[in-house]
Amino acid sequence: MAKRDHLGEFEQIVLLAVLRLGSGAYGAAIRREIEARTRRSLTVGALYSTLDRLEAKGYVRSWFGDPTPERGGRSKRHFEVRPVGVRTLRASHEALTAMWEGLEPEVTRGA
Amino acid sequence: VARDLPWWIRALLRAAAPATSEEELGDIAEEYTRGASPVWICRQLVSAVGRGSPRRASRRNAGTFLSQTVEDLRLAFRTLRRHPGFAFAAVAPIALGVGLNTAGFSIFDAIALQPVASPGANQLVTVYQEFKGVKKRHVHGARRMFSVPEYRTLRDGTRSLTGLAAFTRYWTVTLGGDSPREVNGVLVSCNYFDVLRIVPSLGPGFTAATCEAADAPPAVVLSHSLWTAAFASDRAIVGQTIPLNGRAVMVAGVAPEGFGGIDVAQVSFFAPLSMQEMLEPDARYYLDPDTSWLALVGRRTDGTTIAQVRAELGLVAEEIDRRQPGRTTRLIVEPARALSMPEARRDIFQLVAVLGAAFGLVLLIACANVANLLLARGAARQKEIAVRLSLGVGRARLIRQLMTESLLIAGAGTIAGSLLARWSFQGLFAMLVSLAPEQVPALRLDAGLNMHVIAFAIAITGVTSLAFGLVPALQASRLDIQALLNRDTAGAGRRATGWLRGSLIGVQAAVCTVLMISAALLLRAAYVTETLDPGFAYRGVAVVSFDTRSLGYERRQAAAFRQTLIDRLRALPGVESIAEAGKTPLSPGDMQTTVRRSDGEPWQEIDFNSVSPEYFSVVRVPIVRGRTFTASEGAGPARTVIVTEATARRFWPGEDAIGRTLRMALGPDRDVALEVVGIVADAQMTRIADTTTPCMYLPAEAESADGRYLLVRSAADHAAVARSVRAIARDLAAGLVVSVAPLEQNLDLWRGLSRVIAGVSGSLSLVALLMAAVGIYGVVAFVVSRRLREMGIRMILGAALGDVRRLILRQTLRPVVLGLIAGMAGAGAASRVLESVLFGVSPLDPVSFAAAPLLLLAIAIAAGLTPTRRLLTIEPAAVLRRE
């Protein structure tokens with residue numbers, strides 16, 4: 001596997017959120033999902049710059065839905081993780097799991 | 001529920017981060033619809049700006065306008081923090097200059113631009129009129145005011161105003177009681193408080209019963225401060241009567257605390273217009289259609305514009321014109337301001353123009369100082385700038401960066417200056433009041449930070465940063481990289497900056513010269529007013545003033561009272577002579593009428609005074625020819641006149657004026673012939689330093705109820721005279737307020753005025769001189785440090801230290817001298833504006849025109865010589881070794 005397939009922590013979080021939401025994955029929902037699960041706040045701009053980067057790398061694809069009134073007549077941008085994204089995510093997960101092996105009790109106790 | 005983002009949030013987002021996409025906006029709008037907190041929205045805004053952060057901007061080699069600015073600001077801030085000495089030297093003069101200007105502006109703003117003290121003041125308008133084709137018009141206040149019938153027509157005819165109220169100029173009446181005192185008030189229409197939405201803090205105020213009804217008893221509303229001071233805040237005062245000018249007047253209410261009318265000069269009571277005739281028994285004009293005495297203030301209805309009010313009242317005014325054939329009226333409708341009278345406003349604006357120019361010049365000097373500093377720094381920063389240029393930063397971008405630094409300096413200066421202004425304002429104002437003559441009435445001035453002042457400060461920041469920053473920035477960025485690469489740092493671009501520095505010093509010197517010459521002239525004028533001989537004897541004369549109208553006296557009673565008083569006073573030990581006069585020498589205000597020699601000649605304005613026969617001996621103005629008045633000439637209307645020598649020369653040049661006739665206008669088509677019976681020596685009786693304006697004396701009419709002054713010449717000291725006069729007056733009429741003042745006090749008025757003007761201009765020019773000196777010092781110090789090597793070589797080659805110093809001084813002082821000459825020319829033009837307050841000092845006074853530039857030159861030489869002391873320490877060999 002090439003080096004460029006490495007994912008940053010926040011990229012992994014974003015990809016996981018898109019996967020969790022499935023067909024309901026669009027900007028605001030993704031942001032709320034991340035905020036609810038990680039209990040950290042996230043600005044709209046920060047999320048989109050990561051999503052744009054992930055799309056440029058080919059890990060996600062996006063499309064626009066119909067305009068809705070509660071958005072001031074603007075469209076939702078929906079996201080979906082592409083197979084290559086899922087593979088990279090899995091690789092990241094494996095790398096992390098390998099590194100974590102045997103350390104979990106120690107680190108958790110220390111925390 | 002669909003709610004789009006407010007427009008300003010969208011605008012901010014677009015400005016801060018133009019890259020913001022529609023879906024981002026959509027997400028933010030969605031959260032907004034769900035009720036996101038303002039804090040959350042703000043965070044989105046801030047993060048949007050952050051996305052154009054410096055790091056990313058440099059990576060992409062672009063960035064938004066805003067992010068670049070943030071970057072520039074950060075850079076400028078770091079630069080200034082790293083050079084605290086430079087920062088202080090640059091910020092301090094700007095702070096001083098801006099502080100002065102902001103303080104000056106906030107005083108001006110408080111006087112002339114602030115809305116009046118009334119809730120919803122921005123709905124208020126003032127109405128004045130200009131009319132033509134009117135033959136007869138009496139004026140009590142200003143010609144642009146209205147009569148009661150005119151006021152009523154406008155009030156009843158308007159639909160665009162919810163109410164139109166009238167008020168008069170300010171009156172002085174006597175409040176009787178155990179210790180009678182004079183208080184100031186205004187007469188107002190019954191709806192005055194309603195229109196202004198001022199609710200009395202006590203009592204009903206003016207109601208139908210106390211004001212409008214034909215048989216309404218005389219009533220007043222007291223100001224809160226008078227209620228506190230004179231009635232010990234007695235809550236039972238409402239409904240009781242108090243003695244005003246000897247008449248019982250009912251108290252209808254007490255105005256809320258802090259309200260003293262809507263003019264700058266504050267008053268102590270408000271009375272209905274109908275009380276005019278009661279307060280001035282000998283002048284009845286309450287319902288007279290041809291008397292100007294009312295100023296009008298109205299409140300616009302919601303949604304009506306000033307233009308609509310103007311149009312509508314204009315139609316109503318045509319009705320007034322129809323009643324008086326030949327008359328055309330034009331109304332002046334303006335938003336109500338503290339200084340509402342057009343005449344007063346014009347005077348203030350003229351004053352402000354002169355003062356503003358002087359303050360602006362000080363700021364200009366400050367800017368020249370900082371510009372010079374920046375030029376010097378630009379030279380010292382050549383390396384840094386060269387590096388940036390060679391790294392591919394564009395020149396425009398570089399200029400913007402340097403300008404941002406200037407803006408930061410100006411901003412810091414403005415903030416420091418505004419704080420300075422705010423703290424020093426009270427002190428400054430107190431100083432002005434203490435210098436000012438005592439007769440100035442209480443003023444309402446709350447000059448603080450408000451939107452006007454803030455807008456002014458922001459504007460001034462922008463202008464100053466451009467003024468001092470643009471040229472140095474252009475200069476610094478026009479760098480010859482080739483020359484720098486050749487490491488000839490001393491030579492690169494020096495000729496051009498040297499020229500610039502020179503002209504900046506020249507400008508400073510010129511401006512400073514203008515200010516210093518003006519100050520010198522004004523100081524000389526102040527000295528003249530302190531020491532002058534007005535041509536009449538003002539020592540040992542007491543001015544006794546009283547107003548028998550306050551007792552309700554008719555003409556005969558008034559005359560009898562005056563005669564008894566004079567007789568009693570004459571019997572006092574030490575009293576030599578007593579005279580009566582309608583106006584005392586050099587007292588404020590003009591008494592003027594028009595005269596001509598014969599029919600067919602144009603009318604000429606002339607100052608006049610009505611005096612008793614003893615007047616000239618009391619003030620010791622010699623009668624050059626002819627005689628003074630006789631006692632019988634005061635018995636009826638005036639038939640004789642005494643003129644000054646200058647007047648005689650003006651009207652009958654080369655002839656004897658005695659026995660000639662002068663025709664004085666009495667009305668539109670009535671005049672009276674006056675025979676000249678005497679000629680008196682010229683003296684400064686009306687205005688300081690003016691003996692040539694035509695002036696004449698009429699015999700004081702014996703039977704008159706008018707206020708009149710007694711001039712008492714006595715050998716006893718003033719305090720003793722004053723005590724006796726008061727005792728006698730109390731004995732004759734207990735309720736009469738009598739004031740006794742030395743005649744010299746009239747001079748104090750002029751002296752006070754002169755002191756204030758000289759004080760202000762003196763301090764301004766001192767600040768200017770200080771800054772110019774610092775500027776010259778800075779430039780010479782810079783030149784010396786840059787040319788140490790050259791000087792070292794000169795000295796090795798045999799130049800004496802003195803020669804080298806002279807060389808440097810000659811080169812730096814050349815622009816100073818040029819500036820001096822330009823400044824003297826400028827001062828010659830500027831001093832004409834000051835002529836009216838120079839009191840006889842010529843606007844081209846040679847002493848001032850020589851002394852001020854010489855002083856400046858001396859200071860400039862001293863400031864320039866000091867840094868050359870560094871040359872003393874030169875060790876030529878060491879200098880040469882330096883690269």
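Colleague: How many salt bridges do you count between chain A and chain B?

Modeller: Seven salt bridges, and bear in mind this is a predicted model.

Colleague: What makes B:E23 and A:R77 a salt bridge?

Modeller: The closest N and O atoms of B:E23 and A:R77 are 2.5 Å apart. The cut-off is 4 Å between a side-chain nitrogen of Lys or Arg and a carboxyl oxygen of Asp or Glu, so the pair of B:E23 and A:R77 qualifies.

Colleague: And how many residue pairs are in polar contact between chain A and chain B?

Modeller: That count is 12, with both residues at pLDDT 80 or more. As for where chain A touches chain B, helix 2 (27–38), helix 3 (44–57) and strand 2 (74–81) of chain A each supply at least two residues. The touching side of chain A splits into seven nonpolar, six polar and seven charged residues.

Colleague: Why is B:E30 called buried?

Modeller: Its relative accessibility is 3%, and buried means under 20%, so B:E30 counts as buried.

Colleague: What is B:E30 in contact with, leaving aside its neighbours within four places in sequence?

Modeller: B:E30, which lies in helix 2 (residues 22–33) of chain B, is in contact with A:Y26, A:A28, A:R32, A:E70, A:R71 and A:K76.

Colleague: What about area: how much do chain A and chain B bury between them?

Modeller: About 1700 Å², 47% of it on carbon and sulfur atoms. In chain A, the residues that lose the most area to chain B are A:V44, A:E70 and A:R74, together 33% of what that side buries. By contacts, 20 residues of chain A meet 22 residues of chain B.

Conventions
Residues numbered from 1 in each chain as written. Chains lettered and ligands numbered in written order. Predicted model: local features only at pLDDT ≥ 70, side-chain atom pairs only at ≥ 80, totals over all residues. Heavy atoms only, no water. Contact = heavy atoms within 4.5 Å. Buried area = accessible area lost by both parts, 1.4 Å probe. Polar contact = N/O pair within 3.5 Å; in protein donor to acceptor, adjacent residues only side chain to side chain. Helix = DSSP H or I, 4+ residues; strand = E, 2+ residues; numbered from the N terminus. Nonpolar A, V, L, I, M, F, W, Y, C, P; charged D, E, K, R; others polar. Buried < 20%, exposed > 50% of the residue type's maximum accessible area, 1.4 Å probe, protein only.
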